[in-house]
Amino acid sequence: MGPRPSSLLVLVLCLGQTIHMQEEVLSKPSIRALPGPVLRQGRPVTIVCRGPAGAETFHLEEKNRKSTNWDQMGTVQVGSQWVEAAFRIKAAIELTAGTYWCRYHNGHSWSESSEPLELKVTDEDVSTPPSGPASQNYTLGNYVRISLACVVLLILVAIVAEAVYSWHRWTQRPQE
């Protein structure tokens, strides 16, 4: 006794669904940090993951941690083709620094991981430029240059005034 036609049909449909599921490759999400990937210790940072509009759930991972304690703050539709999820870290500490990536869940599978995001935490204020030759204060040197230029200008004005006075005196001289 051979397989029944309905059994074969069910087998073919299941096999077709399995092949279709294996062929579906979800695109990589993108990842970024706000206000940026370098931040001062104690400051908040938001890691934003972006995926296609069908993304249901996002998952943030960090290289050195087995589990994540970040809550997805919800997803926001960005245009008609994208959705973003934000993960907020209230205060960056030394342990916050590291390599992050995210994935999203869509239907029956998870996407590939995003490109890595390297987050750095520093003690320095990242809103001001670093000290060094590129950020020297040139105010004193500028005052010296401006003062020197004014002295040269005054000397030139004096020479021109003397020349005008001499020319005027020479033309007013009585003719002999």
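Q: Which residues are linked in a network of salt bridges?
A: Arg32, Arg50 and Glu84 are. A salt bridge here is a side-chain nitrogen of Lys or Arg within 4 Å of a carboxyl oxygen of Asp or Glu. Bear in mind that this is a predicted model, where local features need pLDDT of at least 70, side-chain atom pairs count only at pLDDT 80 or more, and totals for chains, interfaces and linings use all residues. Residues are numbered from 1 along each chain as its sequence is written, and side-chain values use heavy atoms, with hydrogens and water left out.

Q: Where do glutamate 84 and arginine 32 sit in the chain?
A: Glutamate 84 is in strand 6 and arginine 32 in strand 1, 52 residues apart. Their salt bridge has an N to O distance of 3.2 Å. Strands (E, at least two residues) and helices (H or I, at least four) are DSSP runs, numbered from the N terminus.

Q: Is glutamate 84 buried or exposed?
A: Buried, with a relative accessible area of 13%. Arginine 32 is partly exposed at 35%. The cut-offs are under 20% for buried and over 50% for exposed, with partly exposed in between (1.4 Å probe, protein chains only).

Q: How many salt bridges does the whole structure have?
A: Four. One of them joins lysine 28 to glutamate 115, with the closest N and O atoms 2.8 Å apart. Lysine 28 is in the loop between helix 1 (5-23) and strand 1, and glutamate 115 is in the loop between strand 8 (109-110) and strand 9, so this pair ties together parts 87 residues apart in sequence. Lysine 28 is partly exposed, at 41% relative accessibility.

Q: What does arginine 103 meet in a salt bridge?
A: Glutamate 61, at 3.0 Å from N to O. Arginine 103 is in strand 7 and glutamate 61 in strand 4, so the pair ties together parts 42 residues apart in sequence. Glutamate 61 is buried at 16%, whereas arginine 103 is partly exposed at 23%.

Q: And which ring does arginine 103 lie over?
A: Tryptophan 110; arginine 103 lies over its face, 4.9 Å from the ring centre. To count, NZ of Lys or CZ of Arg must be within 6 Å of the ring centre and within 35 degrees of the ring normal.

Q: Switching to rings, how many aromatic pairs are there?
A: One. Phenylalanine 58 and tyrosine 104 have ring centres 6.0 Å apart and planes at 50°, so the pair is tilted. Rings of Phe, Tyr and Trp (its six-membered ring) pair if their centres lie within 6.5 Å; planes under 30 degrees apart are stacked, over 60 edge-to-face, and the rest tilted. Phenylalanine 58 is in strand 4 and tyrosine 104 in strand 7, 46 residues apart. Both of these residues, phenylalanine 58 and tyrosine 104, are buried.

Q: Which residues touch the most other members of the largest nonpolar core?
A: Ile31, Ile47, Phe58, Leu60, Phe87, Tyr100 and Leu119, out of 20 residues in that core. A nonpolar core means buried Ala, Val, Leu, Ile, Met, Phe, Trp, Tyr and Cys residues joined through side-chain atoms within 4.5 Å.

Q: Which strand gives the most to this core?
A: Strand 6, with four residues.
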